[in-house]
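This report describes selected features of one protein model. Please examine the sequence and the structure shown below before reading on.

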Amino acid sequence: MSATEQTFPADFTFGVATAAYQVEGGIENDWAEWERAGKLKEPDARCGPAVDHWNRYEEDYALARAVGATAFRISLEWARIEPERGRFDEAALEAYRERLLKMKAHGLRPVVTLHHFTHPTWFHRETPWHQPASVDVFRRYAKRCAALLEGLDALVISFNEPMVLLLGGYLQGAIPPGLADGPTTMRAMENLVRSHVAAREELLSRLGRVELGISQNMLAFAPDRWWHPLDRALVRLGAQAYNHAFHEALATGKLRVTMPGVASTRVDIPGARDSVEFIGVNYYTRAHLRFVPRPPFIEFKYRDIHGRGLTDIGWEDWPEGFLQTLRDVKRYGKPVWVTENGIDDRAGTRRPHYLHSHLAQVLAARAQGVDVRGYLYWSLLDNFEWLEGWGPRFGLYHVDFDTLRRSPTPACDYFRAVATGRKLVPPDAVLPSGA
């Protein structure tokens, strides 16, 4: 890259990302029930107090500012806000408003996710996503959330990784609500799109304007056997259904998903057309797809083709796919925010190089005309990683899960150098703090 191409503009945002259940602690929701049913990788693992962000939020805001971040992504915990159907907890709403105002006072732009995987305990029993009533209850919840956002100039995400929720919770039965039914998955997907539209209407009604999008997990895909026509076909189908179907529905108002032998849907939702102001991209890795002659007819695996070493969670380190993903979303004609990108690096030694290689792809995408406005690293802190429990460590800051003490990893110095210097520099050019 030339010197110009290695430079981030002054208005490019560097930030960090979190999610309520993974960091706040003390939440009773569908995931807490899932844990007690012994359905995590380690059946005795519990999120419990998480990393106590609920009480340490100002300390964590200061940590974000210390690495040069100017945006902080959180999620609002629906189970705190509406613990019983139709009963909203005013104290919880006031507490979230206080936290958002203090975030702003710390010089951090709020990036607020309304739904990040979790639900109140009543939701799946009374108004699950595959039933029309889900749209009405999400509208009501979004209306109460809208009041929290007044005057904050927040970037708002309606749903985090809706395809992960749908495939994991409705098709594979691996996460709440634990269903495994293709047609039910499609009905739930349709209602998630409608719920996004409903939330948008409530936000606009209260705020007048809103920067709203979704945060979509997007994978690079490759055929497991480059020569096999069915593996190659799966790559095309997978990229369309997993990466783009939801984005396209919110751009065109047409939800089109094809999963041969499993389920499909073709439905028009006119209100969804042009219903986002930005495209949110979560990118981590590449998956190799292989056709198998039994339902669901697909296997995926992570392969270390280039000898970089899989990450500690077992994913391929494939920054090249990040550039392709960013180029792919240029088609929507909207600004792009990287709402998550990060590495499980339990020794803490690989993260600066991971950041360097992935930020290089952001700059390359910008040079090719992709309007990438910001990069939010996942995550500020080590935290509870869903089915994996307490094993993975994605944090810029290492957390001692016994004492909850936060301490910087080497990536803090690197992130700070790039975020404040606005230039992409190699990791070995950054001196450790105090050196």
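How many residues lie between β8 and β9 in the hairpin?

## Basis of the report

The model is predicted: local features need pLDDT of at least 70 and side-chain atom pairs pLDDT 80 or more, while totals for chains, interfaces and linings use all residues. Residues are numbered from 1 along each chain as its sequence is written, and side-chain values use heavy atoms, without hydrogens and water.

## The hairpin of β8 and β9

Six residues lie between β8 and β9, which form a hairpin. Phe297, in the turn, has a positive phi of about 70°. Strand β8 covers residues 279-291 and strand β9 residues 298-301; strands are DSSP runs of E with at least two residues, and helices are runs of H or I with at least four, numbered from the N terminus. The two strands pair in the antiparallel sense over four bridges, where pairing requires at least two DSSP bridges. Leu289 stands opposite Phe300 in β9.

## His288

His288 belongs to strand β8. His288 has a relative accessible area of 2% and is therefore buried (under 20%; exposed is over 50%, partly exposed in between, with a 1.4 Å probe and protein chains only). Beyond residues up to four places away in sequence, His288 touches several residues, including Asp224, Glu299, Phe300 and Glu316; contact means heavy atoms within 4.5 Å.
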